[in-house]
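The sequence and the coordinates are shown first.

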Amino acid sequence: MYRPRFNQPSGTPDTELKSNPVQHYASCHCLDAQYGRVEWQELLFHTEVQDTNSDAWNSLEAYITKVRDDQSDELNPMSGIGWEKWEQIVTLPKSIATLKSVKSLSLYGSHLVRIPPEIGEMTNLEEFDPYTSRCLHWFPYEITRCKKLKQSRVSTRCLYGNYRYRPPFPSLPHNSTAFLPSTCSVCGGPFSQQEIHQAWISMRVATDVLPLLVHACSENCIKNLPMPASRYVQRPHLGGLHLEQPPAE
């Protein structure tokens with residue numbers, strides 16, 4: 001009989017699979033319209049602010065430091081800090097950029113609403129698992145820098161523009177320092193004093209097509225973005241309720 005895998009890496013033997021550690025799954029009403037409950041309205045980003053003075057945040061930072069110092073190949077915060085503290089985390093620390101040895105990132109059942117662009121510095125990442133992170137509707141373009149990433153498990157019905165329902169994307173520009181990378185998402189160069197250019201693009205990352213938020217230093221960098229995944233909007237775009245998307249499948 002099939003045994004479900006919760007927050008454990010792919011390939012874990014059945015004899016080692018554990019019971020579901022999630023006590024409370026996150027939920028929101030952003031995409032309720034795709035189930036026919038309400039009419040679509042302009043979507044807004046989650047704006048929850050992380051309490052960086054909390055015990056939960058300090059425990060997560062300490063766990064990341066331990067994973068880095070031990071040269072561990074897995075980052076699994078639910079196991080590392082416990083589910084009660086993990087439920088208080090809405091974003092990951094920028095210190096994930098130091099995790100050069102990590103191959104598996106397990107974010108199963110998280111309450112995350114965004115992931116920092118520093119994930120692109122996790123250059124040995126092979127497996128990315130934010131499954132059932134139901135408030136995580138988009139990802140930073142910088143995740144495409146994880147060139148070894150080959151396995152993913154994402155709750156695609158929770159994503160902007162997903163192929164089953166084609167929910168809208170929030171309108172850009174959206175100016176939030178919580179989203180802003182330190183360098184251009186595309187070329188890695190510095191931002192000038194001029195306006196930062198934003199765009200949405202849907203691209204295949206490992207085994208899933210993800211909506212990616214780009215912060216570019218110039219219009220030229222936007223033009224240099226790769227082709228989006230087939231059967232998605234075939235150009236970088238600014239989102240909005242009236243964006244024409246391919247039909248839902």
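The sections below treat salt bridges, then the sheet, then the pocket and the cavities.

**Salt bridges**

The model is predicted. It holds eight salt bridges, and the table gives some of them.

| Pair | N to O distance |
|---|---|
| Glu127 and Arg5 | 3.6 Å |
| Glu121 and Lys100 | 3.7 Å |
| Arg153 and Asp129 | 2.7 Å |

In the salt bridge between Glu127 and Arg5, Glu127 belongs to strand 3 (residues 127-129) and Arg5 to the segment before helix 1 (55-70), so the contact ties together parts that are 122 residues apart in sequence. Glu127 is buried, at a relative accessible area of 10%; Arg5 is buried as well, at 18%.

Arg153 forms a salt bridge with Asp129. This pair links Arg153, in the loop between strand 5 (151-152) and strand 6, to Asp129 in strand 3, 24 residues apart. Both Arg153 and Asp129 are buried. A network of salt bridges links Arg5, Glu127, Asp129 and Arg153.

Glu121 forms a salt bridge with Lys100. Glu121 lies in the loop between strand 2 (104-106) and strand 3, and Lys100 in the loop between helix 3 (83-86) and strand 2, the two being 21 residues apart. Glu121 is partly exposed, with a relative accessible area of 31%, and Lys100 is partly exposed, with 37%.

An open sheet of mixed pairing is formed by three strands in the order 4-7-6. Strand 4 (139-140) and strand 6 (197-205) are at the edges and have a single partner strand each, so one side of each lacks a neighbour in the sheet. Strand 6 and strand 7 (residues 208-216) run antiparallel and are joined by nine bridges. One of the residue pairings is that of His197 with Ala216 in strand 7.

**Pocket and cavities**

The largest pocket has a volume of about 270 Å³. It is lined by 16 residues, of which Cys28, Gln34, Tyr35, Arg134 and Cys158 are the closest to its centre. The lining of this pocket comprises seven nonpolar, five polar and four charged residues.

Four cavities of 30 Å³ or more are present, and the largest cavity holds about 60 Å³ of space. Its lining includes Arg114, Trp138, Pro140, Glu142, Phe179, Leu213 and His215. Nine nonpolar, one polar and two charged residues make up the lining of the largest cavity.

How values were computed: Residues are numbered from 1 along each chain as its sequence is written. This is a predicted model: local features need pLDDT of at least 70, side-chain atom pairs count only at pLDDT 80 or more; totals for chains, interfaces and linings use all residues. Side-chain values use heavy atoms; hydrogens and water are left out. On a 1 Å grid over the protein atoms alone, a cavity is a set of points where a 1.4 Å probe fits but cannot get out, and a pocket is an open set with protein on both sides within 12 Å along at least five of seven lines; lining residues have an atom within 4 Å of a point. Grid points are joined across faces, edges and corners, and a volume is the space filled by probe spheres set on the points. Ala, Val, Leu, Ile, Met, Phe, Trp, Tyr, Cys and Pro count as nonpolar, Asp, Glu, Lys and Arg as charged, and the others, Gly among them, as polar. Two strands pair if DSSP finds at least two bridges between them. Helices (H or I, at least four residues) and strands (E, at least two) are DSSP runs, numbered from the N terminus. A salt bridge is a side-chain nitrogen of Lys or Arg within 4 Å of a carboxyl oxygen of Asp or Glu. Buried means under 20% relative accessible area, exposed over 50%, partly exposed in between (1.4 Å probe, protein chains only).
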